[in-house]
Amino acid sequence: SKTSQIIAAKYPFKYHLLKNNPYKQVNNGIIVYSKNPVNLVRSQVLKTGKTEKEIRDSSRTYILLKVSDAKGEYFLNPLHFYNPWGKMSKSQLVSKAAGTDNLNYEQAELHMTELKKDVKFKEKSLIVVGDFNSAKNILNLINMPTYSLFASELLDMGDNLATYPTQTAIA
């Protein structure tokens with residue numbers, strides 16, 4: 001596409017995960033563009049859900065990338081969590097999203113487990129970026145369980161961890 005060409009002209013290096021959900025037929029991947037070389041450190045499919053359909057719809061791939069520049073290296077963890085909210089009625093949405101019994105929260109827990117395995121990278125720079133698909137955006141609430149779990153766990157991983165949203169945004 002023209003957009004990809006424009007981005008690639010400014011950021012010549014890229015990592016392309018073709019399928020974020022390996023069970024889907026369509027390409028639904030994540031592309032990371034960079035001014036510096038990008039290398040895969042580790043990837044693993046995280047299966048979420050109880051039924052075959054849930055597993056097929058919601059599973060995602062955890063990836064950890066290393067980017068090197070003249071100052072050293074940093075690690076990048078791009079993600080795109082499953083969005084179950086659009087398939088729910090308003091009453092289901094309120095009860096599910098406010099708790100931890102949902103695929104989005106399960107995905108956040110599995111992802112955080114993998115990130116903790118890579119905690120040695122916190123000595124370097126670690127950047128977690130992506131679409132968490134937290135229901136807070138739908139319900140206009142800040143303190144949703146998935147969102148709070150991920151943000152608080154990241155804050156606990158390091159003394160000098162800078163994060164957005166900030167601690168005050170999740171309190």
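Mentor: The largest cavity is lined by Asn-20, Leu-46, Arg-60, Thr-61, Tyr-62, Pro-78, Leu-79, His-80, Phe-81, Gln-107 and His-111. A cavity here is a set of points, on a 1 Å grid over the protein atoms alone, where a 1.4 Å probe fits but cannot get out; lining residues have an atom within 4 Å of a point. The elements that supply two or more residues to this lining are E4, strand E5 (72–80) and helix H4 (103–117). Helices (H or I, at least four residues) and strands (E, at least two) are DSSP runs numbered from the N terminus.

Before going on, note that this is a predicted model, in which local features need pLDDT of at least 70 and side-chain atom pairs count only at pLDDT 80 or more, while totals for chains, interfaces and linings use all residues. Residues are numbered from 1 along each chain as its sequence is written, and side-chain values use heavy atoms, with hydrogens and water left out.

The volume of the largest cavity is about 50 Å³. A volume is the space filled by probe spheres set on the grid points, which are joined across faces, edges and corners. In the whole structure, the search finds one cavity of 30 Å³ or more. Sorted by class, its lining has five nonpolar, five polar and one charged residues. Nonpolar covers Ala, Val, Leu, Ile, Met, Phe, Trp, Tyr, Cys and Pro; charged covers Asp, Glu, Lys and Arg; the others, Gly among them, are polar.

Thr-61 sits in strand E4 (residues 60–69). Its relative accessibility is 10%, so Thr-61 counts as buried. Buried means under 20% relative accessible area, exposed over 50%, and partly exposed in between (1.4 Å probe, protein chains only). Apart from neighbours within four places in sequence, Thr-61 is in contact (heavy atoms within 4.5 Å) with Leu-17, Lys-19, Asn-20, Pro-22, Ser-43, Gln-44 and Val-45.

Strand E4 as a whole is mostly covered, with seven of its ten residues buried. E4 runs antiparallel to strand E3 (residues 38–46), and eight bridges join the two. Two strands pair if DSSP finds at least two bridges between them. Leu-46 stands opposite Arg-60 of E4, and both residues are among those that line the cavity. E4 also pairs with E5 in the antiparallel sense, over five bridges. The two form a hairpin with two residues between them. Within this pairing, Lys-66 has Phe-75 in E5 as its bridge partner.

Next comes helix H4, which also gives two or more residues to the cavity lining. Glu-109 is found in H4. Glu-109 counts as partly exposed because its relative accessibility is 41%. Glu-109 and Thr-48 are 61 residues apart in sequence, and their C-alpha atoms are 10.0 Å apart in space.

A salt bridge is a side-chain nitrogen of Lys or Arg within 4 Å of a carboxyl oxygen of Asp or Glu. Side chains of opposite charge can pair when their charged atoms come close. Lys-117 and Glu-114 are three residues apart in H4, so about one helical turn separates them. At 5% relative accessibility, Glu-114 counts as buried. Arg-42, Glu-114 and Lys-117 are linked in a network of salt bridges. By this rule the count comes to five salt bridges.

H4 also contributes to an open space. H2, helix H3 (90–97) and H4 each supply at least two residues of the lining of the second largest pocket. A pocket is an open set of grid points with protein on both sides within 12 Å along at least five of seven lines. This pocket holds about 340 Å³ of space. Sixteen residues line the second largest pocket, and Glu-54, Tyr-82, Pro-84, Met-88 and Leu-103 lie nearest its centre. Its lining has four nonpolar, four polar and eight charged residues.

Finally, helix H2 (residues 52–58) holds both Arg-56 and Glu-52, four residues apart. Arg-56 forms a salt bridge with Glu-52, with the closest N and O atoms 3.7 Å apart. Asp-57 and Lys-53 meet in another salt bridge, at 2.5 Å, N to O.
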